[in-house]
Amino acid sequence: MNTGILILRLLVGLLVASHGVQKISSHLGGRGLEGGTEEFRADGFRGGVLTALAAGGGQIGSGLLLAAGLLTPLAATGAIGVMTVALTVKWHNGLWVQNDGYEYPLVLIAAAAALTATGPGAWSLDAALGLTPYPLWWVALALVVGLGSGLLTRLVLHRAAPAPPQAAARGGR
């Protein structure tokens, strides 16, 4: 069981962290901080550079903590939060990733929640520091805070679509 949890933790954590690296640098196929900023603006978010830095930093931090198995419920909460924002961006495309849907962020959210439920396993920094086992209620807390913070971020930082010009549509009347 510990081997499976280690593999899951490393895969999910390093994918989330790598996604953050792409947001703020040209490493791992990223387009640099400017590209990350453009991506957020194209997705309708305010904040520019600060939004890209916060998202990238949140992904890197939570991903590395998950991979290391350190403060696992906190790491999962962060990953769930940033992936919830990604899910909301892709929501209008439907579920499937081949249509740029939200399948991938949903899987990462579920995997982070599952790692909170199972714990990080014996081969983790949490176990080495004697922080495990975490109580099961951490799963609910990680989901509520992670989903809530992601939705709040979307609400606060996302610009409303511009209203159609009504006067022009009615011939200027």
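Exposed means over 50% relative accessible area, buried means under 20%, and partly exposed lies in between. All views show a predicted model.

**View 1. Arg-31 pairs with Glu-38 in a salt bridge.** The closest N and O atoms of Arg-31 and Glu-38 are 3.9 Å apart. Arg-31 has a relative accessible area of 53%, so this residue counts as exposed. Glu-38 reaches 40% and is partly exposed. A search of the whole structure finds three salt bridges. Side chains of opposite charge can pair when their charged atoms come close.

**View 2. Glu-39 and Lys-23 form a salt bridge.** Their side chains meet at 3.2 Å, N to O. Glu-39 sits in helix 2 (residues 32-42) and Lys-23 in helix 1 (residues 2-24), so the pair ties together parts that are 16 residues apart in sequence. Lys-23 is buried, at 7%.

**View 3. Lys-90 and Asp-100 are joined by a salt bridge.** Here the closest N and O atoms are 2.6 Å apart. The pair links distant parts of the chain, ten residues apart. Lys-90 belongs to helix 4, while Asp-100 lies in the loop between helix 4 and helix 5 (103-118). Lys-90 is partly exposed, at 24% relative accessibility. Asp-100 is partly exposed too, at 42%.

**View 4. Leucines form a nonpolar patch on the surface.** The patch consists of Leu-71, Leu-74, Leu-125, Leu-129 and Leu-131. Together they have about 450 Å² of accessible area. Where is Leu-71 placed? Leu-71 is in the loop between helix 3 (49-68) and helix 4 (72-90). Its relative accessibility is 37%, so Leu-71 counts as partly exposed.

Notes. Residues are numbered from 1 along each chain as its sequence is written. This is a predicted model: local features need pLDDT of at least 70, side-chain atom pairs count only at pLDDT 80 or more; totals for chains, interfaces and linings use all residues. Side-chain values use heavy atoms; hydrogens and water are left out. Patches are made of residues with over 30% relative accessible area and no salt bridge: like charges are joined within 9 Å, nonpolar side chains (Val, Leu, Ile, Met, Phe, Trp, Tyr) within 5 Å. Accessible areas come from the Shrake-Rupley method with a 1.4 Å probe; for residues, only the protein chains shown count as cover. A salt bridge is a side-chain nitrogen of Lys or Arg within 4 Å of a carboxyl oxygen of Asp or Glu. Helices (H or I, at least four residues) and strands (E, at least two) are DSSP runs, numbered from the N terminus. Buried means under 20% relative accessible area, exposed over 50%, partly exposed in between (1.4 Å probe, protein chains only).
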